[in-house]
Amino acid sequence: MDELREKCPWDKKQTIETLRPLTIEETYELTDAITDNDWQGIKEELGDIMLHLIFYAKIGTEQGKFTLQEALDGISEKLVRRHPHIYGDINVKDDEDVKKNWEQIKMQEGKKSVLSGVPKSLPAVVKATRIQDKARQVGFEWDNKEDVWKKVEEELGELKEAVAEDDIEHVEEEFGDVMFSLINYARFLRIDAEGVLEKTNKKFISRFTLMEEAATLQGKSLAEMSLQEMDNIWNEIKRKRSL
């Protein structure tokens with residue numbers, strides 16, 4: 001990186017602002033590899049992200065803001081401070097106790113809200129999960145998944161009422177509430193709402209692409225087919241995939 005910043009015209013021009021969108025892209029490429037359980041891809045994308053981390057540290061050093069060593073020392077000190085059950089005399093029963101202690105220590109460090117650490121630019125599904133999980137650490141949580149599902153049903157009922165009223169603002173509000181409650185239910189089922197939704201996206205893309213190919217073999221495009229014809233192809237694809 002020292003050599004690139006000195007000799008490469010492109011690398012010389014980069015700033016933390018110009019790197020930001022590229023870092024976001026690399027992070028999503030890593031998540032794609034994780035979703036696909038592609039270990040070779042994970043290895044490659046981790047390398048790309050590490051390059052970005054070194055790049056930011058290099059710029060930070062040039063600007064006199066911090067060094068890579070200071071960044072690493074900072075996270076090491078934080079990990080020790082937030083793991084008193086390892087480096088102190090605190091006893092914990094399980095991982096839930098660890099997470100509760102973590103949030104309490106963050107508040108002692110000066111956080112004004114348990115939700116203040118949730119990044120504003122997180123995708124909405126991920127953000128909802130993190131908000132709910134953090135609220136859980138201070139006891140703001142349902143007792144069981146049955147009660148959460150009752151809340152989902154309640155929100156669905158309110159959405160139906162809003163749709164019947166034909167009030168778009170109310171519909172949007174209630175639809176958001178339904179999604180939020182479903183994400184909450186996903187937590188109680190111990191599944192990653194964002195991850196399983198992405199798997200469904202990939203499954204739909206795969207099946208839709210196969211449907212397009214099947215239509216082409218029949219000498220048609222999907223636009224020329226009836227919904228029933230497309231549905232027949234779709235169901236056949238599902239049947240073959242389940243064999």
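Which residues form a nonpolar patch on the surface? I looked this up first. I54, L68, L72, I75 and L79 form it, with about 400 Å² of accessible area together.

**Ground rules.** I am working on a predicted model, where local features need pLDDT of at least 70, side-chain atom pairs count only at pLDDT 80 or more, and totals for chains, interfaces and linings use all residues. Residues are numbered from 1 along each chain as its sequence is written, and side-chain values use heavy atoms, with hydrogens and water left out.

**Nonpolar patch.** I noted how patches are built: the residues have over 30% relative accessible area and no salt bridge, with nonpolar side chains (Val, Leu, Ile, Met, Phe, Trp, Tyr) joined within 5 Å and like charges within 9 Å. Areas come from the Shrake-Rupley method with a 1.4 Å probe, and for residues only the protein chains shown count as cover. Helix 5 (residues 68–81) gives the most to this patch, with four residues. Helices are DSSP runs (H or I, at least four residues), numbered from the N terminus. I then checked L72, which sits in helix 5. L72 is partly exposed because its relative accessible area is 44%. The classes are buried under 20%, exposed over 50%, and partly exposed in between.

**Negative patch.** I found a patch of negative charge on the surface, made by E161, E165, D166, D167, E169 and E172. Asp and Glu count as negative, Lys and Arg as positive; His and the chain ends are not counted. The place of a charge is CG of Asp, CD of Glu, NZ of Lys or CZ of Arg. Helix 9 (145–165) and helix 10 (168–188) each supply at least two of the patch residues. E161 belongs to helix 9. E161 has 51% relative accessibility, so it counts as exposed.

**Salt bridges.** Opposite charges on side chains can pair when the charged atoms come close. I used this rule: a side-chain nitrogen of Lys or Arg within 4 Å of a carboxyl oxygen of Asp or Glu. The count comes to 19 salt bridges.

I looked at R5 and E62, whose closest N and O atoms are 2.5 Å apart. R5 lies in helix 1 (residues 2–7) and E62 in helix 4 (residues 39–62), so this pair ties together parts 57 residues apart in sequence. R5 is buried at 13% relative accessible area, whereas E62 is partly exposed at 41%.

Next came R82 and E109, with closest N and O atoms 2.6 Å apart. R82 is in the loop between helix 5 and helix 6 (84–87) and E109 in the loop between helix 7 and helix 8, so the pair ties together parts 27 residues apart in sequence. R82 is buried at 7%; E109 is partly exposed at 34%.

What about E103 and K134? Their closest N and O atoms are 3.0 Å apart. E103 lies in helix 7 and K134 in helix 8, so parts 31 residues apart in sequence are tied together. Both E103 and K134 are buried.

I also noted a network of salt bridges linking E96, K99, R130, D133, R136, E141 and R187.

**Two contact checks.** Contact means heavy atoms within 4.5 Å. Is S181 buried or exposed? S181 is buried, at 5% relative accessible area. It lies in helix 10. Leaving out residues up to four places away in sequence, S181 touches V148, K151, V152 and E155.

L122 sits in the loop between helix 7 (95–108) and helix 8 (124–136). L122 is partly exposed at 25%. Neighbours within four places in sequence aside, L122 is in contact with K127 and R130.

Conventions. Buried < 20%, exposed > 50% of the residue type's maximum accessible area, 1.4 Å probe, protein only.
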